[in-house]
Every structure is written in structure tokens, then in C-alpha cells.
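Reader: I am new to this structure. Can you show me how to read it, one feature at a time?

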Amino acid sequence: AKSVSINTLRKMKQENTKFVCVSLYDAPMSAMAQKTGIEVLLVGDSLGMTVLGYDDTIPVTMEHMIYHVEAVRRGNSKSLIMGDMPFMTYATPEQAMQNATRIMQAGAHMVKLEGGEWIAETVKMLTDRGIPVCAHVGLTPQYVNKFGGFRVQGRSEEQAQVILNDAKVLDEAGADLVVLECIPSQLAKTITESVEMSTIGIGAGGDTDAQVLVINDILGLTERPPKFSKNFLEETASIPGALMKYADDTRNGVFPSEEHIFV
Ligand code: KIV
Ligand code: NA
């Protein structure tokens, strides 16, 4: 198979074909994802929790991200690799350009940043200079202290409008992808139909252009797994089987089902 680019993903959205994304952190899992034909890999700053044992993503540094992006890139030559920008490494557009450059040079094809309208200027600067951007709205975990916990976002009409507007502005600014995390399914559907960029849902229902899950959740390694996740190892009894089942169920619209979504 050819390697995946942002053009591949754009075409898949036009053709209404879902793609699959996994957040993972090391070379062997990355290699297995390539064998499974998973289009997009996210080296998520969730690694602060899933690999390093922190309570949230606030302590994650550029050095952590670079170390893991390099490992994931070494394991895989086909998938499109996104690297998360850690907390406060993109507070200004200048900081964002410097730090995004380092993540790209570590082997990412794209960077991801959390936030709404205020990110738009940075998105335009990065994309104008050749760094594709995945935006991230809804439950943005780097805002955990501002949100007062990890909670579903966009349940009030007013909040929903803000998130929809953020997505539209970031789309206009040139973002190629957006993660929609923990928002009502109907809002995710509306956003998906309102923007040109592809939407990747997690806890956002079945009507997004793609799904993303964290590898630890797929493999049942998480002590208290979130409602939107699913342990695919349980029913497949092998790691390659679990990845394949997650990919198949996502493509066929079997995952997520009612029990995984928010209203
Ligand atoms: O860090 C991460 O793994 C993420 C995904 C859950 C979207 O941001
Ligand atoms: Na993240």
C-alpha cells in the first residue's frame, strides 16, 4: 500500500469512507498498526498518563514527545504520523513554530494542538510554512484545570455554538484535521457536515469521518477506562486481532455503539 498523506484523507472524506486513527507511543505497536492498515497514528501527549504515570497531560515536555515520535516513526513507513504539541509549547505563534519544527524533524508529518478560535492565527502560520495541523476541540485535556475535571463539553446550546464556531474558524485558517473529543454526537455530526477538514471523533459518536482510541484502552490496560473506549483484546485474545477488530468495527460503523456515546 502507498503511504497515507493528507490528500488520502481528504479523498476519503469526499468518498464517505471512514479512516482509522490510534494513539500509540512505540515502535512495535507502530509496526503492528502499519500491518493492520491503520491510516493515521497519533503520538498523543496522553503518554503522560498511559506511559509515564502522571495524572494528566500537563507535565508532558517536548523531550518526551520527540523521544516517542522518533520511536513511532522508526516502526512505520506507511501511516500518517501526528505529534501532539505539549501544554504551553504553542502559547504564542512564534513558540508554536519553533516547537512544531522540532516535532516534524523528529519524524511527524503533522502536529496537533488543542484549543478554539485563539489557535487560528497559529494554524495559519504553521500551514503557510508547510506544517499541516490537526486541531482539537471539545474536551481538550490540557484545559483540565480550567474545566475543573475531565467532563463532556458542548452540552448547552451556548457551548455547542462556541465549539461549532471554533471548528469553522480553524477550518478556514487551514487545519486539515480536527479531533472532536467528548461532545454530544449530534454536535459532532453538525461539525463534520460544516467543515472541509476531516473530523476524528473520540467520545463524539459515529458520524465523524474517523475515530481515534488510545492503544492502552484498546488493549485493556487502563484501570478505569472511559465510557467512550472499548477493550477489543477481550473478544479477540491477541494484540493484532484487537487492532484489526477496532479498525474493522470503525470502518463498518459498528464502533462506537450507543453505550460509547454522549447526548
Ligand atoms: O493524546 C491523545 O492520545 C489524544 C487523543 C485521545 C485524541 O489527544
Ligand atoms: Na493529546
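Author: We will go from the annotated sites to the ligand shell, then to a helix and the core. Keep in mind that this is a predicted model.

Reader: Let us start with the annotations. Where does UniProt place the feature "active site"?

Author: An annotation comes from a record, so treat it with care: it may be inferred rather than shown by experiment. Here the unreviewed UniProt entry puts "active site" at Glu181. Glu181 sits in strand E6, residues 177-181.

Reader: Is Glu181 buried or exposed?

Author: Count the C-beta atoms around a residue; 20 or more within 10 Å make it buried. Glu181 has 23 other C-beta atoms within 10 Å, so Glu181 is buried.

Reader: Which residues does Glu181 touch, beyond those up to four places away in sequence?

Author: Glu181 touches His136, Gly138, Leu139, Thr140, Ile202, Gly203 and Ala204.

Reader: Which residues does the annotation "binding site" cover?

Author: According to the unreviewed UniProt entry, they are Asp45, Asp84 and Glu114. They are spread over 70 residues of sequence, yet they cluster in space. Their largest C-alpha distance is 10.9 Å.

Reader: Where do Asp45 and Glu114 lie?

Author: Asp45 is in the loop between strand E2 (40-43) and helix H3 (47-50). Asp45 counts as buried because it has 28 C-beta neighbours inside 10 Å. Its contacts, not counting residues up to four places away in sequence, are Thr57, Val60, Met65, Asp84 and Pro86. Glu114 belongs to strand E4, residues 110-114. With 22 other C-beta atoms within 10 Å, Glu114 is buried. Leaving out residues up to four places away in sequence, Glu114 touches His136, Thr140 and Gln142.

Reader: Now the ligand. Which residues are around ligand 1?

Author: Read a shell by its members, then by their elements and classes. Around ligand 1 are Ser23, Leu42, Gly44, Asp45, Ser46, Asp84, Val179, Glu181, Ile202, Val212 and Val214. E6 and E8 are the elements that give two or more residues to this shell. By class, the shell has five nonpolar, three polar and three charged residues.

Reader: How do I read a helix?

Author: Begin with the general rule. An α-helix has 3.6 residues a turn, so residues three or four places apart point the same way. Now take H11, residues 239-251. H11 has 13 residues and reaches 18 Å from its first C-alpha to its last, close to the 18 Å expected.

Reader: Which residues of H11 are buried?

Author: Ala242, Leu243, Lys245, Tyr246, Ala247 and Thr250 are buried. The buried residues of H11 pack against strand E1 (19-23), helix H2 (27-36), strand E8 (210-214) and helix H10 (215-218). After H11 comes Gly253, with a positive phi near 75 degrees.

Reader: What does Thr250 contact, leaving aside its neighbours within four places in sequence?

Author: Thr250 is in contact with Lys18, Val20, Gln211 and Phe255. Thr250 and Val20 are 230 residues apart along the chain, but their C-alpha atoms are separated by 6.8 Å.

Reader: Last, the core. Which residues touch the most other members of the largest nonpolar core?

Author: Of the 76 residues in this core, they are Leu41, Met82, Ala135, Ala175 and Val178. Setting aside neighbours within four places in sequence, Leu41 has contacts that include Val22, Leu24, Val72 and Ile81.

Conventions
Residues are numbered from 1 along each chain as its sequence is written. Chains are lettered from A and ligands numbered from 1 in the order in which they are written. This is a predicted model: local features need pLDDT of at least 70, side-chain atom pairs count only at pLDDT 80 or more; totals for chains, interfaces and linings use all residues. Helices (H or I, at least four residues) and strands (E, at least two) are DSSP runs, numbered from the N terminus. A residue is buried if 20 or more other C-beta atoms lie within 10 Å of its own, exposed if 12 or fewer, and partly exposed in between; C-beta atoms are placed from the backbone. Two residues are in contact if their C-beta atoms, placed from the backbone, lie within 7 Å. The expected span of a helix is 1.5 Å times one less than its number of residues. A residue is near a molecule or strand if its C-beta atom, placed from the backbone, lies within 6 Å of it. Ala, Val, Leu, Ile, Met, Phe, Trp, Tyr, Cys and Pro count as nonpolar, Asp, Glu, Lys and Arg as charged, and the others, Gly among them, as polar. A nonpolar core is a set of buried Ala, Val, Leu, Ile, Met, Phe, Trp, Tyr and Cys residues joined through C-beta atoms within 7 Å.
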